[in-house]
Amino acid sequence: MRQNKTLKICANHIVLSTTSLQEHAGSDKSWVWHAADFSDGDLKDELFAIRFGSVENAQKFKEIFEEAQESLAEKSEETTRDAESTATLLDNLNVVPKEDKD
């Protein structure tokens with residue numbers, strides 16, 4: 001995410017499946033969330049807030065945010081399945097020493 005006029009990066013973080021998006025101060029046009037941010041080059045926990053001009057835009061942001069969370073959760077599950085499959089194959093791997101022909 002970048003600031004409007006300066007285009008300076010103001011949010012550079014992964015949207016985790018555990019990230020909690022909440023209404024800000026009871027407004028249906030704004031959201032807040034915590035994330036580990038890297039926009040200044042240093043990783044630090046930040047509180048983010050965003051306000052939209054309309055309820056429709058705020059809801060669209062929430063929908064896309066939640067889609068990103070679901071996508072990440074699916075990829076995480078797939079990675080876990082792949083890792084488990086690989087671990088099973090490695091457990092079943094047998095190494096047979098070569099016979100000396102000399």
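**Contacts, sheet and core**

Modeller: Happy to. This is a predicted model, and in it Lys29 touches Ile50, Arg51, Phe52, Gly53, Ser54, Val55 and Ala58, leaving aside residues up to four places away in sequence.

Colleague: Nice. Which element is Lys29 found in?

Modeller: Lys29 sits in strand 2.

Colleague: And how far apart are the C-alpha atoms of Lys29 and Val55?

Modeller: They are separated by 4.9 Å, although the two residues are 26 residues apart along the chain.

Colleague: Why does Lys29 count as partly exposed?

Modeller: Because its relative accessibility is 32%, and partly exposed covers the range between under 20% for buried and over 50% for exposed.

Colleague: Switching to the sheet: what is the strand order?

Modeller: The order is 1-2-3 in an open sheet of 3 strands, with antiparallel pairing. Strand 1 (22–24) and strand 3 are the edge strands, each pairing on one side only. From one strand to the next, the twist averages 40 degrees.

Colleague: How many bridges link strand 1 and strand 2?

Modeller: They pair over 3 bridges, in the antiparallel sense. His24 stands opposite Ser27 in strand 2.

Colleague: Last topic, then. Which residues make up the largest nonpolar core?

Modeller: There are 10 residues in all, among them Trp31, Trp33, Phe48, Ile50, Phe52 and Ala58. Strand 2 (27–37), strand 3 (44–51) and helix 1 (55–91) are the elements giving two or more residues to this core.

Colleague: Which element gives the most?

Modeller: That's strand 2, with 3 residues.

Technical notes:
Residues are numbered from 1 along each chain as its sequence is written. This is a predicted model: local features need pLDDT of at least 70, side-chain atom pairs count only at pLDDT 80 or more; totals for chains, interfaces and linings use all residues. Side-chain values use heavy atoms; hydrogens and water are left out. A nonpolar core is a set of buried Ala, Val, Leu, Ile, Met, Phe, Trp, Tyr and Cys residues joined through side-chain atoms within 4.5 Å. Buried means under 20% relative accessible area, exposed over 50%, partly exposed in between (1.4 Å probe, protein chains only). Helices (H or I, at least four residues) and strands (E, at least two) are DSSP runs, numbered from the N terminus. Contact means heavy atoms within 4.5 Å. Two strands pair if DSSP finds at least two bridges between them. Axes are lines fitted to C-alpha atoms, for helices over the stretch in contact, and angles run from 0 to 180 degrees between N-to-C directions.
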